[in-house]
Amino acid sequence: MKRSLLAPAAVMLSFGGAQADTGAVLTTYADIAQATFEDSLTTAQALQQAVAALVAAPSDAALENARLAWKAARVPYQQSEVFRFGNAIVDDWEGKVNAWPLDEGLIDYVDEGTYVGPTDENEYAALNVVANPVFQLGGAQVDATQITPALLETALQEADGIETNVATGYHAIEFMLWGQDLNGTGPGAGARPWTDYASGEACTNGNCDRRAAYLVAATDLLVSDLAWMVAQWQPGGAARAAATEGGLSTILTGMGSLSYGELAGERMRLGLLLNDPEEEQDCFSDNTHNSHFYDGVGIRNVYVGAYTRVDGSVVSGPSLADLVAATDATLNAELVGKLDTTVAALGEMKAAADAGFAYDQMLGRGDARGEALIMAGVNGLVDQTKSIERVVAALGLDQLEIEGSDSLDAPGKVAE
Amino acid sequence: MLKPLLTAVLITLPFAGWAEQASSEAEKAVHQQILPGFAALAAASARMSDAAATDCAPTSQPLRTAWNAAFDDWIKVSHLRFGPTETENRAFALAYWPDSRGTTPKTLKRLIAERDPIITSPDGMESVSVAARGFYAMEYVLFDPAFQGDAGYACALTRALSADIAAKTAGIARDWRDSYAALMMTPGSTYSPYQTPAEVTQELYKALATGLEFTSDARLNRPLGSFDKPRPGRAEARLSGRSQRHVVLSLQALKQLAVILSEGDQALQDDVSQAFDTAISQAEALDDPIFAGVEDPQKRLKIEILQQTVKLIREQQLANIGNKLGVAAGFNALDGD
C-alpha cells in the first residue's frame, strides 16, 4: 500500500534539485566514522602512555592519571557506538573492545563476601588469572605465566563460550584501574589502591607484577584493535566500502537499534527496573552517565552530519537530515527536535551525576529523582525511534531494512 | 490512567478530520486476539490471586492450577509488547526472563533473608525489582524448596506476587478495553500514538516478528547452546516443567496473528498456516517438557529441527507478510546485544 505510493529515494531526489544526494550523505557518514574511531585511537594511545607510567612508577597520582585517561577515551568511543548494528564489520568486532557485563572474578581478586563466584551459567566466574599462572579451562591446561595480548584474546575472552567472560576491552581495563564498586546503590565508585601495582613489600592483594602485566596487555590490545578499525574506515577501507554499498538503511539501522533495544532497553530501563547497581555499564568507575550521554550525542551526529572531534574541530558534510528535509520537512523537524530532546535529557542526567548523584545511586529502590532522570532519557530514546521508523518509511527503505539489518537477523537477547 | 484520554478522543474525533481508519487486519487482530487475550489473562490472574488468598501453601493444588492457567494466558499474549503492557512497565513486572545472571533468585533470596516488609503493601511491591516479581519469580516460590524455608514469609510473598500480577493484568486489560483499542483503530486522531494506518499495521507486524524471534532465540536457542556445550539449565520455566509448553502456546498465538495479517492473500495465508502447523506439531511431538533432551543427540536433533522450522518461518513467511502489508520490521526491544 504505502510502498506503491513511495518512489525510491533516488528518484524522489531527482525532483528535489540541488540538495544532498545519497552518495554525498554516505560519504559524510563514513567521514564521521573515520574521525570518531581515529579519536578513539588517539585517546586510547594516551591511556596506554598513562598505564605505562603507572606500571613504571606506581603512585596514587599515576593511577588517577590513568583513570582520567580512561574516562577521556570513552568520550569518542561511545560516540562510535552508533556505527554498530548497521555495519557488520563494526558489530562483529565490537565485543573485543566494549563487551559488558563481565564476571570480573575471571581476571583478578574480588570481594569474597558479595561476589557470587562460579555459577551454573559460568564456572570460570572466579578463575582469577592474575593469581594463577597455570589453570584448567574447558578441559585443557592453560599456561598463563606470560600475560600477553594473545593470551587475553585467544584463551580468555569469552572463555568456555560464556559472554560474561570478558577479558579484553574498555571494561576489563576499567576493572583493573578501579576494582569492584562495593558501595551498592550508595555513593562511591571502585577504590582499588595504587599499591595493587606496587613492587616488593608495598604490593597489596598479591601478584602486583602479573596484575600490571594484565593491565598493559589489555591496553595494548585495545590500541591495536582500534587501529584496525580506523583502517577499515580509511578511503578504500572495507567498512567504508560496505557502508557506501549498504545505503541509507545502514545509518538508520544503527540509530534505531542503539536508541531502542540497546540503550533505552537493555542499558537504561532494565537497570532501573532491577534496582541493580551491577546493571550500570561503567559499574567500576561510576562513569555510566557519560557513556549514555555520548551514545545519545553519537546518534545525533550521524543524522545531522556533524561530529566535534576531541581537538574541537568539526567534521561535517551533506547529511541524512538534509535529505529527509527535502522529502518531508515536517518529519525532519520532528526527528531533529526529538534527538535534541534526548541529548538534553541525557545531559540533565549527566549534570546530576557530575554534581555527585552517581548513576548507581539513581538505580536505588524507590529513588524517585533518579528514576525520573533516567526515564526522561529512556522516553526520549523510545520517542525518537518512532520518528526514525517514519524516516525509514518516508525514504522508501522498507525492504532494505528487512533484508539488510544485522540487528534484526541476528540480535542477542535483551536481558543478556 | 488512559481513561480521561478516551473521553477526550471521543470528543475530538468528529473534529479531527484527518483521523483515518486502521486496516481490517488490525481490526481483526485487536478484536480476535488482543482484547479477548488480555481479558482472559486478567480473569485468570484474579482467580490465581483469590486462590493464593484461600491457600498460600506452595503445594496447594488449586493455587498451582490457577498459576499454571494464568501463566498460559500470559504466554499467549506475551508477544504483544506495546501500549498498555509497557505503561508503568507492567510487562516487565509480569515476566522477567531470560535471567542470565540469576538476578531473580538473588533478589528473592535477599527479600526472604531480610523478611523485607516492603512486600506487604501494593505501593511497596511497586518499588521491588522486577526480577523478584511476576510469573517467573512466583515459580521459584512455588516450586523450589530453597525459597520456602520461612513458611510465613513465603506465604506473604506468594500472596503479594499474585496480587501484583492480578493488578498489573487488570490494568492492561482495562486500558486496552477502555482506550487503547479505540486509539489504535483511529490513527491520526489527536491522542493516537499512530499517525497512519500503516503505523498500526507495522506495530502488529513487529509484535509477530518479535514473538517469533523470542521463541527462537530465547526459548529454543538458549537451552540448545552448542552441540559441545548444551545448556539444559537455561530452559524456560523448567522448575514447573513448562518449557516445551511455552513453545507450543507461543507458536499457536503467533499463528493466529500471522494468519490474520495474511488476510486478503489466500495463497499466502495457506502457506503461513501450513508452516506454523508444521512447527506446532513438531513442538508438540517433542515429549521433552524441560528440554533435558538437548544433551541427548537423538532428542537434540528434534529440537534443532523445530528450531530450523521456526527460522524458516522468520525468513520466508514473515518477509512475505511484510511485503503484502507493505511494512518494515522496524526496531524492537531485542535489538542490541
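**Close-up views of a predicted model**

**View 1. Helices α12(A) and α13(A) meet.** In α12(A), the residues A321(A), V324(A), A325(A) and T327(A) touch A329(A), L331(A) and N332(A) of α13(A). Contact here means heavy atoms within 4.5 Å. This contact divides into five nonpolar, two polar and no charged residues. Ala, Val, Leu, Ile, Met, Phe, Trp, Tyr, Cys and Pro count as nonpolar, Asp, Glu, Lys and Arg as charged, and the others, Gly among them, as polar. Helix α12 spans residues 320-327 of chain A and helix α13 spans residues 329-354 of chain A; they pack at about 140°, with axes 5 Å apart. Axes are lines fitted to C-alpha atoms, for helices over the stretch in contact, and angles run from 0 to 180 degrees between N-to-C directions. The pair is therefore oblique. Angles under 35 degrees count as roughly parallel, over 145 as roughly antiparallel, 65 to 115 as roughly perpendicular, and the rest as oblique. Helices (H or I, at least four residues) are DSSP runs, numbered from the N terminus.

The model is predicted: local features need pLDDT of at least 70, side-chain atom pairs count only at pLDDT 80 or more, and totals for chains, interfaces and linings use all residues. Residues are numbered from 1 along each chain as its sequence is written, chains are lettered from A and ligands numbered from 1 in the order in which they are written, and side-chain values use heavy atoms, leaving out hydrogens and water.

**View 2. Helices α10(A) and α15(A) pack.** Helix α10 (residues 248-274) and helix α15 (residues 368-394), both of chain A, pack at about 155°, with axes 9 Å apart. They are therefore roughly antiparallel. Among the residues that meet are L252(A), M255(A) and Y260(A) from α10(A), and I374(A), L381(A) and V392(A) from α15(A). The contact holds 15 nonpolar, five polar and two charged residues.

**View 3. L177(A) sits in the largest nonpolar core.** This core has 119 residues; L177(A), Y214(A), W233(A) and M255(A) touch the most other members. Such a core is a set of buried Ala, Val, Leu, Ile, Met, Phe, Trp, Tyr and Cys residues joined through side-chain atoms within 4.5 Å. Helix α3 (residues 22-56) of chain A gives the most, with 14 residues. Beyond neighbours within four places in sequence, the contacts of L177(A) include L47(A), W70(A) and R192(A).

**View 4. G188(B) lies in a loop.** The loop runs between α8 (151-185) and α9 (197-224) of chain B. G188(B) is buried, at a relative accessible area of 5%. Buried means under 20% relative accessible area (1.4 Å probe, protein chains only). G188(B) and S23(B) lie 165 residues apart in sequence and 13 Å apart in space, C-alpha to C-alpha.

Note on methods: Helices (H or I, at least four residues) and strands (E, at least two) are DSSP runs, numbered from the N terminus. Buried means under 20% relative accessible area, exposed over 50%, partly exposed in between (1.4 Å probe, protein chains only).
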